[in-house]
Every structure is written in C-alpha cells, then in structure tokens.
Amino acid sequence: MVKGAAEQAADLRTSLCGIQLDNPVLAASGTFGYGREFAELYDINILGSFSFKGTTPEPRFGNPTPRIADCSQGMLNSVGLQNPGVDAVVREELPALAKVFRKKVMANVCGGSPEDYALVAEKLEHCDQVGWLEVNISCPNVKSGGMAFGTDPRAAAEVIAAVRKVTKKPVIAKLSPNVTDITEIARACEAAGADGLTAINTLLGMRIDLKSRRPVLAREMGGFSGPAVFPVALRCVWQICRAVDIPVVGCGGISTARDVLEMMMAGASAVQVGSQNLVDPYACRDIIEALPAAMERYGIRSLQELADR
Amino acid sequence: MRNDIGTIITNERIAAGTYEMVLQMPQNQEVRQAFGQVRPGQFINLKLEGHYLRRPISICDWDEETQVLSIIYKVVGTGTETMSRMSHGEALDLLWPLGNGYDLSETGTGFHPLLIGGGAGVPPMFGLCRRLIREGAVSPTVILGFRRAEDAFYRDRFEELGARLILMTEDGSMGSKGFVTDAMKALEKEEGREYCDGFFACGPEAMLRAVDQAAPEGIPGYMSFEERMGCGFGACMGCSCKTRYGNKRICKDGPVLERREIIW
C-alpha cells in the first residue's frame, strides 16, 4: 500500500531516559488505571506508554466521596491514591497487563515516607515490564507524603535519593506546580539522582456548592486538571527545561496533537495525557493519529529532532 | 461500552423540573447488537456543551427494533439545565451502555418481583418492569414514591405494562400519603412475608437503606446507587465505595449492588 506523503514524512519516534518510544504520547497516572479498561476499547500498544495508577506499599481506599467535581474546562479530584498495594500490582495487575501491552510501562510510585517509596521501588525492580519509576512527590490528596515532599527541595531530594539507591531503572520525579519556584525543586531532584522529571501534577483547587454552601469535595480541596491548566503546565516545562539537563515529560491539560507539539517546543521529550482520557476514552489514540498531519502542517519532520533542539 | 452520537427525537417536561428525552441512536448492525446487550439499571454518559465532565443518566427504556432509547432526568444543576434546553434534532455524544445493571438471573417464570423507585430513581424501574414481565415474572408490584403530585410521572405507563402500582407521596397529594416503606409494611401486613420473592430499588440513599431494612430478610435485593463520577467507565476511581466484598466502583462494578454486600 502506498502511504500518503504526510505519513511517510512524519517520524513520531522519540526516547525517554534511554528507552525508545514509538511516539511521545503516554497516558498519565491515575487516568488509565493499570490499562485494563482501555485495553477493552482499543489496542493500547499504539501508545508510547502509560504511567499506571499511583501505587503504595499497602492497599489504599483513598478519601471519602464525593471526590470528583466538574469545572469549566477541567475537573477536581480528591481520590487520594486508591490502589491495591504494590504486592497485588506485581501479582495480578502486571501479569494481566502483559497480556495486552508489550511495551515498557511507567510505574507511579507513592508513599508516606522515603522508606515507603523505596519499598515500592524495590518490589518493582525485578518486573521487566516496568521501564521507568515515576516518583510521585506531588499528589495533593494525601495527608502524609505526596505534595508535602514535592514542595520542599530538601524533602524532594531525600525521596529521590532513597529510590535511586534501590533501583537501576530510570527515576523520574513527578513535580507539583503548587510551589513558588518549580525550578528549585527540579534542580534538587536532578542533584539527588533523578534521570527525568514529569511536570506537572494537579493544581490545588476547590469548588463550593451554592445550594449547600459547602465544598463539593468531601475533602474540601483537590487537584485541578484538564485543558484549563495547559498554559500553567507549559510554562513550568519551559522553565524547568532551562534549569536542568535531564529530560522532561510534559503533563497537564493536553487534549490535542497541537498541544503535544507545543509542549515539545517548550522542551518536553515526551508528554502525558491525563484528564482527557476520562471524558474521551479514545483521546490518546486520536491524538496519536492526528500527530502526523499536525506535524506536516507546522513543518516538523521528526519529533526527536524537535525534542533535541 | 460504545461511543455514539444520538439525535434528540423529543425532550419534554413530564413533571415539576423533570424531563423525558428520547434519543434516536444510529441505525446500524453494531448499534443493534449493542441494544441487544443493554440491561436495565445501566446508564449513559453524556458530553454537554460548556461542561468538561460527562453527565451520567440512567437508561429508562430502550427499543432494539427502532434503536431508540429514553432517559428521564431532573434539573438539579447546570448540566441537567443545559440538557433541558436542548430540542428535537440536536445531537449528543454519549458513552453507553455503562455499569452492571440489575441482575435478572434469579428472576424468570413465576418470580414475583417488587420494584421500588423514589423520585429521580423511578426511570430505571420502567425498563426493568417491562423486561421482567416479558421474561415471565408474576405481575410485578411497583411502589413509586414522590414528594408531591407535581413531581409524579409515568403512573399510567407502569399501569399500561400491567404492573400492580402503588403510588405514595410525602404530602398525600396523590396516591397514599407516606413513604415507599409504609407501602412495604402495609403489603407485608396484608399478604404476609411472602409478598415478593426479591426486590429492585433505585432512589436516594436514605430511601434505599430504609427499603433494605423494611424488606423481608433472606430474599435477594438489588439497589442502584448514585455517586459523583469522573469517567463513568472504571478508570479514575472517583466513585469508589467499600463493600463486604472489597472496594467497588459505582460506575463499573455498580451502580447496582446486592443487599448482602452493602455496608450502610
């Protein structure tokens, strides 16, 4: 079959911390579970990869409901890292994923202390499916750990160093935008041994129900995400890319192929699509399919070249 | 789960703040097959102009032959308000059918079901009632509860199906005065504990809890729950609840739970 000029010309391949990606589009943690629900809808091997649900040493239910609220061009969540615990992930989720996904998956690692993070990382160390460890020091929905680490350069470095010590896999720190200077945290993570950075996690936000005059979320505040945060995420990626030498995964409000290109022009080596998966389960597939035409339109032949610039 | 575009045939007010929307789904073989697999108690998730998250609405009734489905919704916020302003010919992007729906494995010929719907929880009871009758259940007893006469809808539709209908209003302005559980107590008094073989309920959580307590012990009971949802298809963990059999997602493992697994 003769391919069209656009398809021939567009090279979507890129790499992240030494691992080749067929394309730069990853699904973001917390919006893609462990892949099952989406594998029922389409062949998820078309993805660059995805970051699985934030995983802790023990199973967690998370916060009381309601823990979702709608916003203009976005949403709030205060799920609070519901997950079956790392042992169940290794025993059940990863073998189930292996049947439908043959690429390296990114493991999102969480905990309440540096030791917790290291414990989860250690248990994932011998899972060949896991390509990268994404260290979540930015979840705004947990009492201890999470964002508490990601808003203090010293605490952030401590967690990254603890994970670095127990793994040979690339370590990627997922950063919080809820700070005065995100480059300070980025530099601290780089110095502590991070191989890459994901920017950004959700922004702390809230909604109030006019009838009850009470916050919509049971936990009052939650993480704001969706297309509304894209300019904030883009700005953070731009700043970080000019402050560190390690690759950055751009995340926050991406919903179109144009957003992907914009993120990569800001310096991102790859991107993550989050909330959009929840309102449009085919979002990642559609974005990947739209990339060649978008690249052609803006005279981009190779995404790797765009990332290298 | 499918993603289709439905076209509005009608969208009419049928009670105070309550609308019935009838959607024509695409008429092709795949959609026809999907219709064949719809179960009462499942829902659709609608994308609405000006709103980011979709809005989950339970399916009231559907017809495989014409590939039409209907929903009934109460205007409670900006999403349902937007819906109420839509009219004939407008298109809606929807994910469907979602959720587990009511378990009909224990019903069938000779089964005597009790259906209980409260307010905005009445719609799924209609599609359920029609299917139970078609599958040979003994004329279902249907208890509908509304606040006032102005809120009531579908009384005649249930009667047309051949259900034995008991209507309750809190202020007594239509049917009998009282809650749905008052009707359950009266049935038990008149007919004994065997007045039904199992129950199906949908309504506010306080009503479901009262229904569970009022229903005879030992019979199966299926209740449909509501929760604020992110995705509606099991990915985001937004609508989780704890059950005796572990954590469940209202959108994917529910919205229907069986009485023995519920932790009130």
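**Sheet.** I looked up the strand order first. In this predicted model, chain A has an open sheet of 8 strands, and the pairing is parallel. I read the order as β4-β3-β16-β15-β10-β9-β8-β7. Then I checked the edges: β4 (49-50) and β7 (105-109) of chain A each pair on one side only.

**One strand pair.** Strand β8 covers residues 130-136 and strand β9 covers residues 171-175. I found 4 bridges joining these two parallel strands. Which residue of β9(A) does Glu134(A) stand opposite? I noted Ile172(A).

**A helix on the sheet.** Next I turned to helix α9 of chain A, residues 257-265.

**Two helices.** I then looked up α4 (residues 114-124) and α6 (residues 153-166), both of chain A. Their axes come within 8 Å and cross at roughly 30°. The crossing of α4(A) past α6(A) is right-handed.

**Their contact.** Which residues of α4(A) meet α6(A)? I listed Pro114(A), Tyr117(A), Ala118(A), Ala121(A) and Glu122(A). On the side of α6(A), I listed Glu158(A), Val159(A), Ala162(A), Val163(A) and Val166(A). Sorted by type, the residues of this contact between α4(A) and α6(A) come out as 8 nonpolar, 2 charged and no polar.

Definitions and conventions: Residues are numbered from 1 along each chain as its sequence is written. Chains are lettered from A and ligands numbered from 1 in the order in which they are written. This is a predicted model: local features need pLDDT of at least 70, side-chain atom pairs count only at pLDDT 80 or more; totals for chains, interfaces and linings use all residues. Side-chain values use heavy atoms; hydrogens and water are left out. Two strands pair if DSSP finds at least two bridges between them. Contact means heavy atoms within 4.5 Å. Axes are lines fitted to C-alpha atoms, for helices over the stretch in contact, and angles run from 0 to 180 degrees between N-to-C directions. A crossing is left-handed if the near helix is turned anticlockwise from the far one by less than a right angle, and right-handed if clockwise. Ala, Val, Leu, Ile, Met, Phe, Trp, Tyr, Cys and Pro count as nonpolar, Asp, Glu, Lys and Arg as charged, and the others, Gly among them, as polar.
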